Amino acid sequence: MSVYGLFDSVKWLTPLEIILCLINLTVLVRYAIPAAKHYRWFDFVPSLGVIISIASVLYGDTTLLAIVFYSLTLIIFLSTLKRLLKPKPKLAFPKRKVLKVIRVVVCVIGIVPIVIALMNAGVLRYNPTSDLSGMSYSKAFLKMNERLSKEYPFGEWKHINWDDLRNKYEPIFTKAEKDNDKDLYYKTLRDYLLSIGDGHIKIANDNVYENNKVFKDEVGGGYGISTVQLDDGKVRVSLVLEGSPAAQNGMKLGAEIVSWDGKTGKEAFEQTTWSESNMATNEVKAYYQGRFMARAPIGKQIEVTFKNRDDDKLNKATLVAYDDQFETLKQTKVKMTQEDLDVSPIEGDITKDGFGYVKIKHFLPKSTFTAPEKSFAEKLKQFQDNKVKGLIIDLRDNPGGEDALAATIAGYFVNETKHYEYVSYYNRYTGKFEINHNEVVKVNPMQPYFDGNIAILINSRTGSSGEGIPLVLKGLPNVRIIGFTSTAGSFGIVGQPIEIHMPDNYILKFPDGRSLNKDKVIQGDADYTRQGGAVPDIKIPLNEQMFTEKYIDGQDVEMSYAIAALKK
């Protein structure tokens, strides 16, 4: 927050909000310091504010920012209504000094909400919902694509050619509306969103596991396995359900998929496209491909060739997909529960090797546990009192939450202020992305300061604000980031998300802001190469040995790497 930021924030106001702001300020100043001469027309100024407020509501501006202006306008109007109805030739000013002071104080208090609103104008700015639900599939798509081409924060960063997307998908949407094919429409909409490559993009009201006919029809059947792909391209089984078709045909944990439904195991894996969510990087994509490769319509029969780890024999089997109630997907998906939100997101202890270990499960604002940073500080104090040999921060599967909380926790590991992010939003009135100077996030030193060696554990499900700590601490001489993959590469801002209502009641949400580094360049988000996020300093290879340790023996491989790094 700064004086410059206060005045600069006017750029986030709508024209009607600017007029309201000026009217309210003028009236308050006029009543605090009355002029010698009073003009009758001035008594009508608060009424003009009410009219403009009504016009602004009809325009669709019902943001919290606007409501502050509307409320203040109404209060001023009611407070001056008497002068409007019973005009006086002169604006009376109290003769008693105390009453004069009270009037000035009241007017100054009235200015405070305006100042607070301006300080938060960027975050609370008007970002209208596009209601395209009454349009045809193709027209709604064209309107959506047009808006995103201007306002989506990472179009240039990801080298998105919006004209190419329009040319590719418009004919399919047109066919879907011509044939009244709701399934084709949904699949095309989903495919379009996936093509953008952003983990923050979502169909907000689409729970694929409940009442989603297309999802159930396409991938409702399973064969009882889940897979992962090793660095050398081999596809191995990472999960086998007891009693499933795969298990009944002798497939064991760790088996290599040689061929799958007429394709090699590698081809089948890499051509898998289904997922529950959008993804930004190829590494996140591989995570979903492993989970969905062995999903199919219920009843689909396939031919499989596999080789178990304990022999070299090629086994052939015919598998039929059965309704497993999405069991393989559920067992391989990390989901935040209400129980997780009801307790501290911070947990940990001292390992038997004498290292401090702390798990940060999320930075979500929905948590009912207050002051998680204090819980974190208490853990650090415990570690320091016990003179731990080093610290392991586990951010695996952390979905993010509030940047401010992530920046606060990072403050325990710096002894001088560091830049966390500038925030840039699309300005609807200039047609450009501009920095919100009242939303510059810094990492400020916190106590207790921990200056020992640190290992940060990440994976491809470390997303959004969960990526903040490894991004800001990367490069410090005492910090090592460790993982099989980079983080999720979806570090954009979702303050006032771009919201689009599409036909068939689908509500789409997109990030509305960019996170910028100290050089004011986009940070964290995956680029056109589908690479991004915080890159590990120590990248663990997913080879045969690591697969065996992680999936067969059940070892925490990342933890072992962290301890080894801290011992050096």
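Glu151 and Arg428 form a salt bridge, with the closest N and O atoms 3.0 Å apart; a salt bridge is here a side-chain nitrogen of Lys or Arg within 4 Å of a carboxyl oxygen of Asp or Glu. Because Glu151 lies in helix 7 (residues 137–151) and Arg428 in the loop between strand 15 (418–427) and strand 16 (432–435), the pair ties together parts that are 277 residues apart in sequence. Helices (H or I, at least four residues) and strands (E, at least two) are DSSP runs, numbered from the N terminus. Glu151 is buried, with a relative accessible area of 8%, whereas Arg428 is partly exposed at 34%. Buried denotes under 20% relative accessible area, exposed over 50%, and partly exposed the range in between (1.4 Å probe, protein chains only).

The model is predicted: local features need pLDDT of at least 70, side-chain atom pairs count only at pLDDT 80 or more, and totals for chains, interfaces and linings use all residues. Residues are numbered from 1 along each chain as its sequence is written, and side-chain values use heavy atoms, with hydrogens and water left out.

A search of the whole structure finds 29 salt bridges. Among them, Asp310 pairs with Lys252 at an N to O distance of 3.0 Å. Asp310 lies in the loop between strand 9 (301–307) and strand 10 (315–320) and Lys252 in the loop between helix 11 (245–248) and strand 6 (256–260), so this pair ties together parts that are 58 residues apart in sequence. Asp310 is exposed, at 52% relative accessibility, and Lys252 is partly exposed, at 44%. A further salt bridge joins Asp394 and Lys359 (3.7 Å, N to O). Asp394 is in strand 14 (residues 391–394) and Lys359 in strand 13 (residues 356–360), so the link spans parts that are 35 residues apart in sequence. Both Asp394 and Lys359 are buried.

Helix 19 (residues 544–552) contains the buried residues Met546, Phe547, Thr548 and Glu549. Their cover includes strand 4 (225–229), strand 5 (235–240) and helix 20 (557–567). The N-terminal end of helix 19 is capped by Asn543, a side-chain oxygen of which lies 3.3 Å from the backbone nitrogen of Gln545. Just after helix 19, Gly554 adopts a positive phi of about 75°.

UniProt, in an unreviewed entry, places the feature "transmembrane region" at residues 12–33, 40–58, 64–81 and 101–123; such annotations may be inferred rather than shown by experiment. Residues 40–58 are 74% helix and 0% strand, with end C-alpha atoms 29 Å apart. Residues 64–81 are 100% helix and 0% strand, and the end C-alpha atoms lie 25 Å apart.

Arg125 is located in the loop between helix 6 (121–124) and strand 1 (130–131). With a relative accessibility of 4%, Arg125 is buried. Leaving aside residues up to four places away in sequence, Arg125 touches Trp12, Thr63, Leu65, Tyr425, Tyr426, Gln496 and Asp512, a contact being heavy atoms within 4.5 Å.

The protein comprises 20 helices and 23 strands. Of its 568 residues, 51% are buried. The C-alpha trace spans about 105 × 70 × 40 Å along its principal axes. Among contacts between residues at least 6 apart in sequence, 74% join residues at least 24 apart.

How values were computed
Polar contact = N/O pair within 3.5 Å; in protein donor to acceptor, adjacent residues only side chain to side chain.
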